[in-house]
Amino acid sequence: MNTRLHEATPETVGMSSERLRKVANLAQSWVDQRLHPGLVVFAARRGTIVLHEAFGCLTSDPGAVPIPRDAIFPLTSLSKPVTATVAMILVEEGLLGPNRPVSHYIPEFVGEGKEKVQVHHLLTHTSGLTEEDVDAQIKKKKGSVAIPPPDGTQYAGIHEKLFLAYDTPLTFAPGTEQRYCNFGVELLGDIVRRISGRSFAEFALERLFEPLGMKDSSYGLPEPVRHRVAKRPPDSPLAWIDGPDFQAIPSAYCGAYSTAMDMGILGQMYLNGGIYNDARILSPVTVAEMTRNQIPG
């Protein structure tokens with residue numbers, strides 16, 4: 001199956017226009033109640049886009065322009081499944097082994113028991129690392145160790161974080177427990193960079209975003225499109241995400257940007273068994289493995 005997203009009436013795919021208007025009305029009510037400055041709602045079934053509308057304004061600033069349907073949003077942690085997709089492209093090519101130790105690709109990843117941490121543990125948040133311990137390790141070492149210069153393909157800030165935390169001790173045995181860990185996904189992005197010889201952002205653009213026609217997707221936000229980014233109110237506790245410092249970081253775990261339509265394309269690629277248009281990104285076998293429950297217990 002190679003279904004391409006297209007617009008048609010909801011009834012053509014067994015959905016109700018009346019019920020979908022309730023979704024649109026709810027979205028508008030959130031804007032009216034000032035819960036959101038603006039948002040874009042996208043829904044599709046069987047390749048048919050049944051709702052794709054924008055509500056509110058691009059920012060909360062006085063006189064802000066209406067938010068367009070192609071507004072760009074920071075994906076933050078939704079970057080993680082995108083990163084997993086990028087990594088699995090290398091798995092399909094036989095260049096990355098999910099059951100190989102992380103240390104095979106990153107020799108600096110050292111410590112007791114860490115030779116048992118495999119790549120698939122990073123993908124499933126079962127590496128034995130915790131974000132709390134990683135943060136503590138970085139805090140303990142920062143300013144007291146010399147950090148070598150990064151490779152030309154690595155962003156300096158990401159290099160520093162990785163270098164300071166490579167030797168973070170494990171909290172539990174790999175594969176025994178699921179614990180959300182941003183650092184594990186950043187390691188995964190570094191593995192992709194080392195294998196491909198490209199920056200992670202460049203590899204994702206060339207091998208995922210461009211082939212799928214995800215023209216408004218990137219890791220790190222290019223300067224020319226920053227005027228299209230939806231922003232939170234300045235008093236939001238997450239307003240720092242909308243600053244230029246964050247926008248510049250092509251982080252594998254939180255640095256992706258995209259539109260509702262582009263994310264719809266990525267989702268349809270998975271529903272199609274790894275293909276969209278003429279671009280085969282993953283095999284059906286890989287898609288089946290990626291979409292089953294991988295969590296212990």
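Trainee: How do the residues lining the second largest pocket divide by class?
Mentor: The lining has 12 nonpolar, eight polar and three charged residues. Keep in mind that this is a predicted model.

Trainee: What volume does the second largest pocket have?
Mentor: About 520 Å³. In total, 23 residues line this second largest pocket. Closest to its centre are A84, L123, T124, M290 and Q294.

Trainee: Which elements give two or more residues to that lining?
Mentor: For the second largest pocket, they are α2, α4 (119–123), α7 and α11 (284–290).

Trainee: And which one has the largest share of the lining there?
Mentor: In the second largest pocket, that is α2, with six residues.

Trainee: α2 and α7 both turn up there. At what angle do their axes cross?
Mentor: Roughly 35°. Helix α2 covers residues 79–92 and helix α7 covers residues 182–196. Their axes come within 10 Å.

Trainee: Is the crossing of α2 and α7 left-handed or right-handed?
Mentor: α2 passes α7 in a left-handed crossing.

Trainee: Which residues make the contact?
Mentor: From α2, take K80, T83, A84, V86, A87 and L90. From α7, take N182, V185, L188, V192 and I195. By class, the contact of α2 with α7 has eight nonpolar, two polar and one charged. A84 is also on the list of residues closest to the centre of the second largest pocket.

Trainee: Now the largest pocket. What is its volume?
Mentor: The largest pocket has about 690 Å³. Its lining counts 26 residues. Nearest its centre lie H36, G38, L39, F73 and A230.

Trainee: How does that lining divide by class?
Mentor: For the largest pocket, 15 nonpolar, seven polar and four charged residues.

Trainee: Which elements give two or more residues to it?
Mentor: In the largest pocket, those are β2 (38–45), β4 (73–74) and α10 (260–271). The largest share comes from β2, with three residues.

Trainee: Let's follow β2, then. In what order do the strands of its sheet run?
Mentor: The order is β1-β3-β2, in an open sheet of three strands with mixed pairing. The edge strands are β1 (6–7) and β2, and each pairs on one side only.

Trainee: How many bridges hold β2 to β3?
Mentor: Eight, in the antiparallel sense, with β3 spanning residues 48–56. Among the pairs, L39 stands opposite F55. F42 has H52 as its bridge partner in β3. A43 has L51. L39 is one of the residues nearest the centre of the largest pocket, too.

Trainee: How many residues lie between β2 and β3 in the hairpin?
Mentor: There are two residues between them. Look at R46 in the turn: its phi is positive, about 50°.

Trainee: And in what sense do β1 and β3 pair?
Mentor: β1 pairs with β3 in the parallel sense, over two bridges. H6 has T48 as its bridge partner in β3.

Trainee: Which helices lie across β2 and β3?
Mentor: Helix α1 (residues 17–32) lies across both strands, at about 20° to β3. α10 lies across β2 and β3 as well, running at about 30° to β2. α10 also gives two or more residues to the lining of the largest pocket.

Trainee: That leaves β4. In what order are the strands of its sheet?
Mentor: The order is β4-β6-β5, an open sheet of three strands with antiparallel pairing. Here the edge strands are β4 and β5 (218–219), each pairing on one side only.

Trainee: How many bridges join β4 to β6?
Mentor: Two, and the strands run antiparallel, with β6 covering residues 256–258. F73 stands opposite S258 in β6. F73 is also among the residues nearest the centre of the largest pocket.

Notes. Residues are numbered from 1 along each chain as its sequence is written. This is a predicted model: local features need pLDDT of at least 70, side-chain atom pairs count only at pLDDT 80 or more; totals for chains, interfaces and linings use all residues. Side-chain values use heavy atoms; hydrogens and water are left out. Axes are lines fitted to C-alpha atoms, for helices over the stretch in contact, and angles run from 0 to 180 degrees between N-to-C directions. Helices (H or I, at least four residues) and strands (E, at least two) are DSSP runs, numbered from the N terminus. A crossing is left-handed if the near helix is turned anticlockwise from the far one by less than a right angle, and right-handed if clockwise. Contact means heavy atoms within 4.5 Å. Ala, Val, Leu, Ile, Met, Phe, Trp, Tyr, Cys and Pro count as nonpolar, Asp, Glu, Lys and Arg as charged, and the others, Gly among them, as polar. On a 1 Å grid over the protein atoms alone, a cavity is a set of points where a 1.4 Å probe fits but cannot get out, and a pocket is an open set with protein on both sides within 12 Å along at least five of seven lines; lining residues have an atom within 4 Å of a point. Grid points are joined across faces, edges and corners, and a volume is the space filled by probe spheres set on the points. Two strands pair if DSSP finds at least two bridges between them.
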